[in-house]
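Take a look at the model below. The report that follows goes through a few of its features, one at a time.

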Amino acid sequence: MNLSFFDQFMSPQLLGIPLIMLAMMFPTLLLPFPTTRWITNRLSTLQLWFIHLTTKQLMLPLNKGGHKWALILTSLMMLLLMINLLGLLPYTFTPTTQLSMNMALAFPLWLATLLTGLRNQPTTSLGHLLPEGTPTPLIPALILIETTSLLIRPLALGVRLTANLTAGHLLIQLISTATITLLPILPTVSILTSLILLLLTILEIAVAMIQAYVFVLLLSLYLQENI
Amino acid sequence: MAGHDSGSQHQFTGFQKYFNSYTITGRRNYVIATYTSIAMLILYFKLRPKKKTPAVADK
């Protein structure tokens with residue numbers, strides 16, 4: 001079967017039945033199930049330590065009202081992290097390469113932070129649209145600019161994640177194709193290309209983790225301004 | 001914390017009491033005023049009566 005370079009991004013389906021929900025739920029199957037034991041095994045302890053670390057980091061700059069968001073932000077972080085990392089395995093589908101999924105995550109959460117701010121502290125939320133100390137002639141222009149930057153946030157959130165992951169996967173595919181194709185022709189160049197592939201894979205592992213963290217961090221920042 | 005307001009040191013009078021770029025309420029009022037002006041502009045251009053040009057008969 002001849003695969004084009006974009007087949008890896010096609011939403012999986014089996015005989016017309018979409019499997020995207022399965023692809024999204026799958027990472028949770030790999031996590032240990034909570035037990036009633038106080039001290040569990042190494043994997044559970046590791047998972048707990050990691051979740052504590054990320055939750056503390058995220059909740060540090062937030063006030064008490066923001067701590068209500070701990071569950072959703074931490075679980076979002078774990079989901080994105082697992083989806084991104086699992087997608088680096090060969091022949092796996094990465095749901096976060098789909099713009100539709102990332103926008104579905106980014107837009108409602110950003111809107112929630114915005115509406116929280118407008119509801120609980122409307123003066124502060126509206127006042128933030130004009131930076132302090134702006135010279136009078138610049139005020140209307142700056143308000144429009146700040147409004148635009150506010151409205152573009154969900155788009156940026158979604159597209160950032162999609163673009164980073166899609167580009168990374170595509171690069172890996174291109175360079176691995178180059179490596180395989182060059183092997184019978186120019187073995188030395190092929191070895192160099194495989195070295196590049198190794199470095200790129202390490203980079204992609206880092207990018208997968210960083211992008212998940214950045215997504216959640218930015219949401220917590222938007223929340224900070226509004227809560 | 002974001003939203004630090006140093007407006008307590010400023011003593012504004014008149015127009016600047018309500019519209020200034022230092023206090024949080026002043027900034028809010030500027031924002032609301034800008035949004036309202038834009039809304040008024042849009043409404044004006046939408047609702048103004050369209051000029052009717054007389055029909056030209058083909059010869």
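Predicted model: local features only at pLDDT ≥ 70, side-chain atom pairs only at ≥ 80, totals over all residues.

## A helix and its annotation

B:I38 sits in helix 2 of chain B. The UniProt annotation "transmembrane region", from an unreviewed entry, covers residues 30-47 of chain B. Over residues 30-47 of chain B, the chain is 100% helix and 0% strand. The end C-alpha atoms of this stretch are 25 Å apart.

## A nonpolar patch

B:I38 also belongs to a nonpolar patch on the surface. Helix 2 of chain B (residues 24-47) gives the largest share, five residues.

## Two salt bridges

A search of the whole structure finds two salt bridges over all chains. In one, the side chains of B:R27 and A:E132 meet at 4.0 Å, N to O. This pair crosses between chains. B:R27 is in helix 2 of chain B, while A:E132 is in the loop between helix 5 (122-127) and helix 6 (139-151) of chain A. B:R27 is buried, at 4% relative accessible area. A:E132 is partly exposed, at 32%.

A:E225 forms a salt bridge with A:R153, and their closest N and O atoms are 3.3 Å apart. This pair links distant parts of the chain, 72 residues apart. A:E225 lies in helix 8 (residues 187-226) of chain A, and A:R153 in helix 7 (residues 153-182) of chain A. A:E225 is partly exposed at 27% relative accessibility, whereas A:R153 is buried at 17%.

How values were computed
Residues numbered from 1 in each chain as written. Chains lettered and ligands numbered in written order. Heavy atoms only, no water. UniProt positions renumbered as here; feature names shortened; annotations may be inferred. Helix = DSSP H or I, 4+ residues; strand = E, 2+ residues; numbered from the N terminus. Patch = residues over 30% accessible without salt bridge, like charges linked within 9 Å, V, L, I, M, F, W, Y side chains within 5 Å. Areas by Shrake-Rupley, 256 points an atom, 1.4 Å probe, with all protein chains shown as cover. Buried < 20%, exposed > 50% of the residue type's maximum accessible area, 1.4 Å probe, protein only.
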